[in-house]
Amino acid sequence: MGEFDPKKPSVARVYDSLIGGKDNFAPDREVHRKLDAMCPDLTKFVAENKDFLENAVTYVAGQGVSQFIDLGAGIPRPPTIHEIAREVVPGARVAYVDNDPQVITHLTAWYAHHDDRVTVVDADVADHDTVLAGARRDLDLSQPSCLILGMMLHFYEAGPARSLVAGYLDAVAPGSY
């Protein structure tokens, strides 16, 4: 886990600010303000992205998929991926992956110690081996899974983004999303 520094903005906390969360600090809100100045509709786009993810998880769970890997999970905000999935598949399992220390602390405190169907993987999403080893602690990747890459791929150039996705697609079973 990296070092927590409230004086330095973090992607997870800026996103938290963009969705109206409370787990962010002045430097994160300053980045939020600058982004709003460049793209006045950004907050609306981020909210629409969260709505899309909720709809997508509901759809995929409706297809019988009960395993989800949330890559770059961010600070949890209800409804979370496992809450959404369990509305459709009560036994759904989720591996939340992030390397932000505040995210890991939140996820571990809120879910991993209280829910044996939630796994928290402290890893950089670009490290396929570490992420997949962590996810395999509680997920059976020989069965269909859903990979979630919400609000993350835009941090990569096109080639590395394709490689990132391909590395995960190679690891999941046919019928995965």
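Colleague: Which residues form one aromatic cluster here?

Modeller: In this predicted model, the cluster is made up of Y96, W110 and Y111.

Colleague: And how many aromatic pairs turn up across the whole structure?

Modeller: The search of the whole structure gives 4 aromatic pairs. One of them joins W110 and Y111 in an edge-to-face arrangement, with the ring centres 6.2 Å apart and the planes at 90° to each other.

Colleague: Is W110 buried, exposed or partly exposed? And what about Y111?

Modeller: W110 has a relative accessible area of 37%, so it falls in the partly exposed class, whereas Y111, with 12%, is buried.

Colleague: Switching to charges, how many salt bridges are there?

Modeller: The count comes to 8 salt bridges. One of these pairs D28 with R13, where the closest N and O atoms are 2.7 Å apart. Because D28 belongs to helix α2 (residues 26-38) and R13 to helix α1 (residues 11-18), this pair ties together parts that lie 15 residues apart in sequence.

Colleague: Are D28 and R13 buried or exposed?

Modeller: Both residues, D28 and R13, are buried.

Colleague: Which residues are linked in a network of salt bridges?

Modeller: The network links D16, K22, D23 and R77. Within that group, K22 forms a salt bridge with D23, the closest N and O atoms being 3.6 Å apart. K22 is exposed, with a relative accessible area of 64%, while D23 is buried, with a value of 12%.

Colleague: Okay, cysteines next. How many disulfides does the search find?

Modeller: The search of the whole structure finds 0 disulfides. As for individual cysteines, C39 is partly exposed, with a relative accessible area of 26%, and C146 is buried, with a relative accessibility of 6%.

Colleague: Which members of the largest nonpolar core touch the most other members?

Modeller: That core has 23 residues, and the members touching the most others are V57, F68, I81, Y96, L107, C146 and I148. At least two residues of this core come from each of α3, α4 (81-88), β2 (93-98), α5 (101-112), β3 (118-122) and β4 (146-148). Apart from that core lies another one, of 18 residues, which includes I69, V121, L139 and Y168.

Colleague: Staying with I148, what is it in contact with, leaving aside neighbours within four places in sequence?

Modeller: With those neighbours set aside, I148 is in contact with L53, V57, F68, I69, D70, L71 and I81. Among these partners, V57, F68 and I81 are also listed with the core members that touch the most others.

Colleague: Last one, where is N49 found, and what does it touch?

Modeller: N49 is found in helix α3, which covers residues 42-62. N49 is buried, with a relative accessible area of 17%. Not counting residues up to four places away in sequence, N49 touches Y15, G150 and M151.

Definitions and conventions. Residues numbered from 1 in each chain as written. Predicted model: local features only at pLDDT ≥ 70, side-chain atom pairs only at ≥ 80, totals over all residues. Heavy atoms only, no water. Salt bridge = Lys/Arg side-chain N within 4 Å of Asp/Glu carboxyl O. Helix = DSSP H or I, 4+ residues; strand = E, 2+ residues; numbered from the N terminus. Buried < 20%, exposed > 50% of the residue type's maximum accessible area, 1.4 Å probe, protein only. Phe/Tyr/Trp six-rings, centres within 6.5 Å; stacked < 30°, edge-to-face > 60°. Contact = heavy atoms within 4.5 Å. Disulfide = S-S within 2.5 Å. Core = buried A, V, L, I, M, F, W, Y, C linked by side-chain atoms within 4.5 Å.
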